[in-house]
Amino acid sequence: MEGLKSLTKPIAIRRLSTTKLIKQLLLVLGIVYLIFALLEPFEFHVGEYNKFGILLLFSAAYFITLFIALKWLYPLFLAITKLKRFYLHHLILQYLGLIVLVTTTHYGVQHYLNDNFVLDLPLYLQFLKHGLALGLIPTVILVLIEYNKALQGSKGIQKTTLPSFLNPIAQKDSVTISALHTKECFRFRPNAIIYIKSDDNYVHVHYFGDDDKELHRKLIRTNLKTLEDMLALPFVRTHRSYMVNLNHVKKVTGNVKGMKLFISALDTVIPVSRGYVATFKNSFHS
């Protein structure tokens, strides 16, 4: 049962670097090239053209199609759909979609070589059937490998609810933040401040109003280094761009490579970069 349950677990959305993406595409296309060159599946023939040269042309077309899809179209799709949880069926659909793209590319290149620019739907569907048949086994293998890697990577991630180890930290009656190079001062109720985000020579202080329900944001000309020296616990620097009030953190996920803080009553997630993990952990024992 545990094995079946693992198939329903969400996984992290992985984005390969350009170098790794190119290496993986070259490996896959190299295998495809050998299959077509040696086995000539689905009565693959190139007529009067040189078989190996034509296969290189098709491989180059596949490479360009897949690179554009994975490097630019895929991140654009994630940004538009705002997909936050990735499951096994997403991986399956992703690989099947790539097979459809490659099949379409193959159809287009072959018809270009034959000087035929009219869409022949029955022939295209035949191409698609062949592409899905050829790609079915590699798709299953790649999906299982990718999913297993993602699950293995998530095993080392710790998930902790803060109230189990962190009691609310006492604070002063008020916090005053002074703007640099001006005489402006801003006073806040300490527990009203949720987090502070850096923006060049300014910071955005995110805080609750007097009713502790409505969220406000104040732009102040200063920097996090100055505030880090000024503010004591429960304010902790977690990132070059973030400082957070620990009293508003409800959950922590991550490991020594980086962590994420989930804020109570908000959808906001605050990152803890690798360089600040130790400082962040030490704050629990201060």
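I began with helix H6 (residues 224–230), where aspartate 229 and lysine 225 both lie, 4 residues apart, about one turn of the helix; helices are DSSP runs of H or I, at least four residues, numbered from the N terminus. I noted that the model is predicted, that local features need pLDDT of at least 70 and side-chain atom pairs pLDDT 80 or more, while totals for chains, interfaces and linings use all residues. Residues are numbered from 1 along each chain as its sequence is written, and side-chain values use heavy atoms, without hydrogens and water.

I found that aspartate 229 forms a salt bridge with lysine 225, with the closest N and O atoms 3.9 Å apart, the term requiring a Lys or Arg side-chain nitrogen within 4 Å of an Asp or Glu carboxyl oxygen. I recorded 2 salt bridges in the structure.

I then turned to helix H2 (residues 18–39) and H3, whose axes come within 10 Å and cross at roughly 145°; axes are lines fitted to C-alpha atoms over the stretch in contact, and angles run from 0 to 180 degrees between N-to-C directions. I looked up isoleucine 64 as well, and its place is in helix H3 (residues 51–81).

Methods: Helix = DSSP H or I, 4+ residues; strand = E, 2+ residues; numbered from the N terminus.
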